Structure formats: structure tokens, C-alpha cells
Amino acid sequence: MRKPMTRLGEIAQVTSGGTPDRERPEYWGGAIPWVKTSLIQNCEINLADIDEFITEEGLKKSAAKIIPAGSILMAMIGQGKTRGQVAILNTDAAINQNCAALILNQNVDTRYVYQQLLYRYEELRATSNSSGQQNLNAGLIRDFSIPYVDRCQQSAIGMMLTDWDTAIETTERLIAAKERFHRWLQQRLIEQRAARHHWETQELGGLIRERSERSIQHDEYPVLTSSRRGLFLQSEYFSKQVTSEDNTGYKIMRRGDFTFRSMSDDGRFVFNRLEKYDTGIISPAYGVFYAEGVCPEFLAHYLNSSYFAQLLARETQGGTRKALRFSALAGMEVDLPKRADQERIAAILDDSRHEIDLLQTQLETLRHQKRGLMQKLLTGEWRVPVHEEATA
């Protein structure tokens, strides 16, 4: 059953703030927290997150006001995805003129309204005025409507979705910590000079071989694209295949092969390895090679290390755009450990990366589950059992 809708202006006072004159030092450095638009990123804002404070005089001169804790802030302007993002304010604070504050009525649950605004983000952005830069304003926000349910349902829905947010944020923090640990392992095992003390100098060309196979018909194998995030099927990366009408003559990659883009705008080159598919094809703009005489798993970590990036910087050519040819790569002299040490280092780094990949999968599952719950709960399709209902 379709739930009744209510305008935000009916359940909240909608207001905005102001910015004291930056040229008047007596307006700044006081005791009043002051929130700028950049802090509003679909999150909660605590006192520790705020890095600017104003004085009582600055508050008066800017026509700002103190917004009470428990209000919802919204970015009214901003490039990209900023406009329409929201935040729960967990401390009394002043805000700038590009933020809107929803000071909710007492019978309204903050987390329920916050989740509704997250769910209706694109719909809210679509209401922006069209004069010049698309912006929101207090009038448009007041007129925006959300489904309205009784307070018990609001609290139950808000609490349930907040539990998912907590799980998502916890997983994100754990991934960040694991990434830092993985980076430390890379530094200790590959990048620090002490780690390479007993390594032997070899020419890279004796350890890698260029693959020269080309496709002989259109779509002979799945089309791949190599990015800084990894190697993907082109149809998945771009949501569609974007190659030319005829991809005959594309380079063939076999499972375990490496690829790199031969041009870079910033001088950084990423080496991706084909591991998910037996065979694929990739644009001739990429180099393709395979390992011979070196542990390929070690080589994947080695080529993408900061240490190797420094070596590579001396081999690339060009001004603003850097070029890297396979011949230049193969001609490099590099220090490498013995094969047994290569395999040991690769096993450590692979295990570390595997832990991160598992957490990334878990994170995507949590995000998918939350999106499904939002669709059911915030449209009224599902009702959350509450204590009063269970004991009735």
C-alpha cells in the first residue's frame, strides 16, 4: 500500500547559515563550531570533525544562527555529487550559507529522514533550479516530499538501516587498515634498501617475453580493458563494449600474461595480470608479455612497487605524456632476489591482498543488502515489527 507523503517543510524548519567576513580576524577562532559544505558527505558530523570556529560577534555579523544537534544538514550547491548530500549534525553548530539545515519537529526521527534523503538523492537533485549553476534552495527543500509513517516505524526503520551503515563503515575502516598494512609489507619486502641487500642484478629482458599473437577475426575472444584498478572485461568496465566495429588484430592475452598501457599522462604505469580468464584480447595500445625465469606472482608485486616506478621513470620518454615501449622495459637492469625468496615474498603479499579482496566482497554484499532494504523499507513495502505490535 502506498504510504502518505509529507513535505519536508511540514516536519522541519528549513533554514541556512552565513559566513563571517574572512578579513575580520575578530570573527574567527572563537568557541562556536562552524560547518562548511565540504563536511557534508552523507555522514554524521561530530565536534571532532569540525576544523573552523567563529566568535559570538562573527555569528551576529554573518546573520548565522546556532543549529541544534540532531538536525540534518544538506549541501545546496556544489560541483559533481556534492549538491544534495546530507549529514546528521551531532553537535550544536553554525553553518555557512550554502548549507541548509532541517531542524526536525519533536515527533520526527532524525535517522529515518536522513535515510529517506539518502535514498531519494537523485530525485532531490532533479528538483534543483535551472538558472545558471543548478542549485537547491530552502523553498525547493521545503516542498520536497517523503513517505511518512508513525514515529515507532520511523525509529525502527532508522535504527535498522543505521545498523547496516555501521557494518559498512566498520568494514571500510578495516579495509583501510589492511591496505596500510599491505603497503608496509611492500615497503619492507621490496622497497626498502635493506630488503634488497642480497639481491642480484639481472636484465629484465631475460625474464619476460613479449606476446605477439593477434586476433584473426572480430570478437575472437572477450575484449579486455586495463585500468589502474585492474584488468576487466570491457563490457563490465564501461557497462557496454566500446571497441571499434572490427577488433580483428587486437593483441591476444593468455592466462598469466601481463599488460600495460604504452602511454601515461602522469608518468605512472600499472602492470595488470590476466587471472580470471583463459584468453582475451586487448587494444594494440597496450603492451603484452609473460614471465619466464621469474616467479610471476612476485613479478606482479615488484612491477607495481614504488621502487620499480622510480627505476621506470628513467626509461620513459616524452614531455607531458610519457611513453613506454616493451623494448625499453626489457632493456632495464633490475635487482631481484633468488627464486625461493621471490616465492616467499609473493606468498606473503598474495595472502595480504587476498584478505583485502575478501573484505571488498563483503563490503559490496553489505552495500547491496542495504540498497535492497532501503527499497523495501523506505517505500513502505515492508513494515518493521516493533515491540508494541509484537505484544499486541
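Guide: Two strands pair if DSSP finds at least two bridges between them. Strands (E, at least two residues) and helices (H or I, at least four) are DSSP runs, numbered from the N terminus. This is a predicted model, in which local features need pLDDT of at least 70 and side-chain atom pairs count only at pLDDT 80 or more, while totals for chains, interfaces and linings use all residues. Residues are numbered from 1 along each chain as its sequence is written, and side-chain values use heavy atoms, with hydrogens and water left out.

Strand S3 (residues 28–35) pairs with S5 in the antiparallel sense over 3 bridges. Within this pairing, Trp28 has Ile54 of S5 as its bridge partner. S3 belongs to an open sheet of 3 strands with the order S5-S3-S8 and mixed pairing. Its edge strands are S5 (53–54) and S8 (94–95), each pairing on one side only.

Strand S6 (residues 72–75) has pairings with S7 and S9. With S7 (residues 86–89), S6 pairs in the antiparallel sense over 3 bridges, and Ile72 has Ile88 as its bridge partner there. With S9 (residues 99–104), S6 again pairs in the antiparallel sense, over 4 bridges, and in S9 the partner of Ile72 is Leu102. In a regular strand the side chains alternate between the two faces of the sheet. Along S6, Ile72 and Met74 point one way and Leu73 and Ala75 the other, and all are buried (under 20% relative accessible area with a 1.4 Å probe, protein chains only; exposed is over 50% and partly exposed in between).

Cys99 is buried too, at a relative accessible area of 0%. Its sulfur is 11 Å from the closest cysteine sulfur, that of Cys43, which is too far for a bond. Cys152 counts as partly exposed, at 36% relative accessibility. The structure holds 0 disulfides, a disulfide being a pair of cysteine sulfur atoms within 2.5 Å.

Helix H3 (residues 110–119) and helix H6 (residues 151–191) pack at an angle of about 65° with their axes 7 Å apart; axes are lines fitted to C-alpha atoms over the stretch in contact, and angles run from 0 to 180 degrees between N-to-C directions. Contact (heavy atoms within 4.5 Å) is made by Arg111, Tyr112, Tyr114 and Gln115 of H3 with Gln154, Ile157, Gly158, Leu161, Thr162 and Asp165 of H6.
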